[in-house]
Amino acid sequence: MEKKEYKAPEMEIVDFEAQACLLAGSGVEQTNYVYDDELG
Amino acid sequence: MNNKVLSTATIVVVSSLISSAWAARPEGDPTCSFVGGAFFKSNNTLYLESINDENAKVEVDNDAANCISNSRNGNFKVIVERSTALAANSTITLPVNYQSANECVDLYEPLSYGKDENGMWISAEKHDIADGTAHRPMLMITDISKDECQGIKEIEFTATGVSVSTQTSVELTLRSEVSNQGDWLMRGSYSFIRWDKDHADLGTVYGYAAKNKGEVKAGQFTKVGAGAFVPPLRAYLIYKGDKALQKSTESDAVELPETIGVKLIDKNNGTTRLARWNMATGEIVKVNGWYDLKGRKLNSKPQNKGMFIGNTKVQK
């Protein structure tokens with residue numbers, strides 16, 4: 001009997017750089033926004 | 001005549017709208033009065049004002065501090081009245097030793113400043129909800145994803161004692177992990193401060209935006225520009241280190257960043273809350289190091305298979 005090989009579909013590598021969040025307050029890309037109103 | 005009546009009516013209506021934004025203080029004269037606040041023995045509560053007014057300040061002098069100490073019944077309640085509702089991230093500096101009495105608000109203590117392995121400036125803040133010390137600036141995280149935590153203009157604390165606060169500000173020096181010196185100050189405000197275009201500190205000041213303004217969202221940690229201001233009882237970050245870092249003209253010098261990441265460390269070191277801050281602030285920030293999907297930090301890049309969040313990819 002011929003042996004069949006089953007190959008699981010490869011998982012897609014997800015780029016979490018734009019999704020994962022650990023820190024509050026800053027962006028992945030440095031911005032040039034300057035705030036000129038009330039600080040909390 | 002009619003105009004006068006109308007003006008008077010308008011003032012009354014506006015005044016009532018302003019006062020209705022905060023819970024009413026007890027009727028009658030306060031037991032202890034001082035600039036920017038009052039203590040009422042009838043409900044054992046100290047009221048402090050953190051409002052947008054050029055002349056605003058909170059000044060607990062010796063007489064007021066003695067009056068409060070002699071009038072309070074054990075631990076007492078503190079209500080900080082703000083003219084702007086709490087965003088996801090904000091700051092607090094109080095002239096009392098206190099604990100948070102609001103389930104929506106967590107307190108974080110500033111620890112250090114430095115750069116991560118990607119060269120990104122990082123502020124580390126340790127979760128320490130147990131105690132807030134008088135005159136020590138703290139970071140407040142508000143879970144505005146909950147309905148009951150939105151629009152908070154009164155923040156409630158339980159205080160164990162009051163301290164004199166006649167200075168305009170208090171400072172907490174933070175050691176930079178880059179220079180190994182105390183280059184950064186977390187400065188708590190007891191008076192209203194505005195950074196006009198000629199202000200000497202402009203370009204070295206950072207803080208949490210209280211409102212949505214342009215591309216900046218409420219709660220975002222951002223560089224302060226001309227015209228920005230901070231009411232009393234809050235805090236901001238200021239750089240006091242090497243001047244060469246501030247406004248560099250030499251190509252090899254390093255300029256101060258436009259934004260600084262704020263790393264939140266929970267009580268059980270290494271555990272961080274990944275999605276929550278993203279949802280709350282709208283911010284997108286690179287993860288430093290490796291974490292599992294429960295937010296637990298790993299010592300190194302994982303060798304076994306599974307889902308992990310790393311610097312750029314999910315490791316599978």
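Modeller: Strands E14(B) and E17(B) pair in the antiparallel sense over 2 bridges, where strands are DSSP runs of at least two residues, helices (H or I) are runs of at least four, and both are numbered from the N terminus. This is a predicted model, in which local features need pLDDT of at least 70 and side-chain atom pairs count only at pLDDT 80 or more, while totals for chains, interfaces and linings use all residues. Residues are numbered from 1 along each chain as its sequence is written, and chains are lettered from A and ligands numbered from 1 in the order in which they are written.

Biologist: What makes E14(B) and E17(B) a pair?

Modeller: Two strands pair if DSSP finds at least two bridges between them, and E14(B) and E17(B) have 2 bridges, so they meet the definition. In E17(B), Leu237(B) is the bridge partner of Tyr206(B). E14(B) also pairs with strand E15 (residues 221–223) of chain B, in the antiparallel sense over 3 bridges, and there Phe221(B) is the bridge partner of Tyr208(B).

Biologist: Why is Leu233(B) called buried, whereas His135(B) is called partly exposed?

Modeller: A residue is buried if 20 or more other C-beta atoms, placed from the backbone, lie within 10 Å of its own, exposed if 12 or fewer, and partly exposed in between. Leu233(B) has 29 such atoms within 10 Å and is therefore buried, while His135(B) has 19 and is therefore partly exposed. Leu233(B) is found in the loop between strands E16 (229–230) and E17 (235–239) of chain B, and its phi is near 70°, a positive value in a residue other than glycine. His135(B), in the loop between strands E8 (121–127) and E9 (138–142) of chain B, likewise has a positive phi, of about 70°, although it is not a glycine.

Biologist: Why are E1 and E6 of chain B said to stand at the edges?

Modeller: The open sheet of 6 strands has the order E1-E2-E3-E4-E10-E6 in chain B, with mixed pairing. Strands E1 (32–34) and E6 (96–100) of chain B each have a single partner strand, so one side of each is left without a neighbour in the sheet. E6(B) pairs with strand E10 (residues 154–162) of chain B in the antiparallel sense over 5 bridges, and Ala159(B) in E10(B) is the bridge partner of Tyr98(B).

Biologist: What does Ala159(B) touch?

Modeller: Two residues are in contact if their C-beta atoms, placed from the backbone, lie within 7 Å. Not counting residues up to four places away in sequence, the residues touched by Ala159(B) include Leu46(B), Val78(B) and Tyr98(B).
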